[in-house]
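Morning, everyone. I'll walk you through one structure, piece by piece. Please have a look at it first.

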Amino acid sequence: MKRITSPTPSLAMSKTLTLASIMLAATLLTACQSSGTNATSPGQAVSGKAEEGITHQVVKADVDSLTETRPLVGSAAELWVNGMACPQCVSNVDLALEDLPGVASTRVDLGSGKVYVTFTGDKRPSPYQLREAVRDAGNTLVKLVVPSAK
Amino acid sequence: MSNHTRIALPARTRAGITPRRASLFTTLTCAGALAGLAGLAPAALAQEAMYTASATMPGPGNTLIRTQSHIFRFGSDPTDGTRNTTVYSVWNTVQLGLARDLSLTIDAPVEVENTTLASGQHDTNTKVPDVDFTFKYRFYRSDTGGVDTTRAALLGGVKLDTGGEFNADPHLGVVLTQVSGRHGWNAELHYTLTTGGTEDRLDNFGGEGTADALMYNLAYVYRLYPSAYTSESTGAWYATAEINGLYETNSDNEIHFSPGIMYEGRRFGFEVMGKLPIYSDVNNRAELDWAIGMGFRLLF
């Protein structure tokens, strides 16, 4: 390979830092341009663009209800989750939810950005516990639906 | 080659690895231990190409194990006349989720070097390089859609030389990850401060001399298949392209282009990648000619 010699070390350092800055700036710009409403931020409505036009339409009441600490009632729940960027990302969600009391099984639907949870036994997690478990996994729970509430 | 202490970059991202003479027994023992560790439960380290970090990590109490095998081919070394060196390395990584947004990564590489000396003779060494401990703290996360997210994390740790003379090189970095639909970006800046090291330049394949080192990496990850996730999706194929830069305070500067293919399933993943130099201003060590690598991740 042809060797390219820089005139001085300081110039080489300058070039390097310039290149590094450009790389970071370009990525930050891309990130800022694509970032919509933060699902974790309080507001009148919380929305998130999902895979190929599938959208999580969420209102403030949905987000507020996730602070409820009383256990759920029912045998299943549907979790609307943001940030499940890839198949391996959702394994964190699986592992976190399966540690909660009463959780029998989890199924992640990447196409809709939802996680389906079934329960067994007498114990049930609260919406707050579900929200925190999803947050521990590195994602954001934006809405919780239980069959009786549909 | 002598037993010596040198600066070394975090194992996953460097071109060469700090070597130390080790017996075949030691190497096999380490390999066995790592094979045993493969039986433990890992978690996600997703959207991460081979040489650029990402702001993703296992959840609290979860563990990831990742193994990458590489062949690096280096050209002649201007400092000792070595004609060329081929390095066969295995990078073994364990990442522990310590708390929400905090993880610890331990890198323990193993390598074999085949060197053609200036005299034409061949020299082969089996080595167990130094151990690297890196904490990752995710200080920003914004999940804006089902698959869309932006995250940023600080990286900080220390490279421990457990050879003849104890030495610790601290390193500090920042990484930004952004995923939007089928497109993902990772950008990383990582600086390693040399606190020890020797003037012995043998085996320095980048960031392993006495100079401080700045890594600047950018990775683009594009989901090839499926174009859109469905309820049946359990895996995805990605094309990856990385720009991996390494500047050292002795004015050596090298930039590599690393294209690759990656598959991620729910519980496992693998990746294949090549590496070619696209810019080189190196006077204190051998330049990289090419490299190929493959890696596996087990999830259960």
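Let's start with one residue. Leu154(B) sits in strand β7 of chain B, which covers residues 149-161. Bear in mind that this is a predicted model. Is Leu154(B) buried, exposed or partly exposed? It is partly exposed, at a relative accessible area of 40%.

Together with Tyr137(B), Phe139(B) and Tyr140(B), Leu154(B) makes a nonpolar surface patch. The patch comes to about 400 Å². Which element gives the largest share of the patch? That is strand β6 of chain B, residues 131-143, with 3 residues.

Tyr140(B) belongs to strand β6 of chain B. Its relative accessible area is 40%, so Tyr140(B) counts as partly exposed. What does Tyr140(B) touch, leaving out residues up to four places away in sequence? The answer is Thr150(B), Arg151(B) and Ala152(B). For a sense of scale, go from Tyr140(B) to Asn284(B). These two are 144 residues apart in sequence. In space, their C-alpha atoms are 38 Å apart.

Now step back to chain B as a whole. Chain B has 1 helix and 14 strands. Of its 300 residues, 60% are buried. The accessible surface of chain B is about 10100 Å². Carbon and sulfur atoms account for 65% of that surface. Then there are the contacts. Take those in chain B between residues at least 6 apart in sequence: 62% of them join residues at least 24 apart.

Here is one pair that shows such a link. Arg285(B) and Glu248(B) form a salt bridge through their side chains, 3.0 Å from N to O. Arg285(B) is in the loop between β13 (268-281) and β14 (288-298) of chain B. Glu248(B) is in strand β11 of chain B, residues 235-248. How accessible is Arg285(B)? Its relative accessible area is 0%, so Arg285(B) is buried. Glu248(B) is also at 0%, so Glu248(B) counts as buried.

Over to chain A. What order do the 4 strands of its open sheet take? The order is β4-β5-β3-β6, and the pairing is antiparallel. At the edges stand β4 (103-109) and β6 (140-145) of chain A. Each has a single partner strand, so one side of each is left without a neighbour in the sheet. On average, neighbouring strands of this sheet are turned by 25° against each other, direction ignored. A quick reminder: strands of a sheet pair through backbone hydrogen bonds.

Look at one pairing in that sheet. Strand β3 of chain A, residues 76-82, is joined to β6(A) by 5 bridges. Within that pairing, Glu78(A) has Val145(A) in β6(A) as its bridge partner.

Next, the helices on this sheet. Helix α3 of chain A, residues 89-98, lies across β3, β4 and β5 (114-119) of chain A. Helix α3 runs at about 160° to β4(A). Helix α4(A) lies across β3 and β6 of chain A, at about 150° to β6(A).

Stay with α4(A). Its buried residues include Pro127(A), Leu130(A), Ala133(A) and Val134(A). Which elements do the buried residues of α4(A) pack against? They pack against β3, α3 and β6 of chain A. After α4(A) comes Gly138(A), with a positive phi near 95°.

Arg131(A) and Glu132(A) meet in a salt bridge, 3.1 Å from N to O. Both residues are buried. Glu132(A) also reaches Arg100(B) in a salt bridge, at 2.7 Å from N to O. Compare the two ends. Glu132(A) has 14% relative accessibility, under the 20% cut-off, so Glu132(A) counts as buried. Arg100(B) is at 28% and is partly exposed.

The linking goes further. Arg131(A), Glu132(A), Arg135(A), Asp136(A) and Arg100(B) form a network of salt bridges. And how many salt bridges does the structure hold over all chains? There are 17. That's my tour.

Terms used
Residues are numbered from 1 along each chain as its sequence is written. Chains are lettered from A and ligands numbered from 1 in the order in which they are written. This is a predicted model: local features need pLDDT of at least 70, side-chain atom pairs count only at pLDDT 80 or more; totals for chains, interfaces and linings use all residues. Side-chain values use heavy atoms; hydrogens and water are left out. A salt bridge is a side-chain nitrogen of Lys or Arg within 4 Å of a carboxyl oxygen of Asp or Glu. Buried means under 20% relative accessible area, exposed over 50%, partly exposed in between (1.4 Å probe, protein chains only). Helices (H or I, at least four residues) and strands (E, at least two) are DSSP runs, numbered from the N terminus. Two strands pair if DSSP finds at least two bridges between them. Axes are lines fitted to C-alpha atoms, for helices over the stretch in contact, and angles run from 0 to 180 degrees between N-to-C directions. Contact means heavy atoms within 4.5 Å. Patches are made of residues with over 30% relative accessible area and no salt bridge: like charges are joined within 9 Å, nonpolar side chains (Val, Leu, Ile, Met, Phe, Trp, Tyr) within 5 Å. Accessible areas come from the Shrake-Rupley method with a 1.4 Å probe; for residues, only the protein chains shown count as cover.
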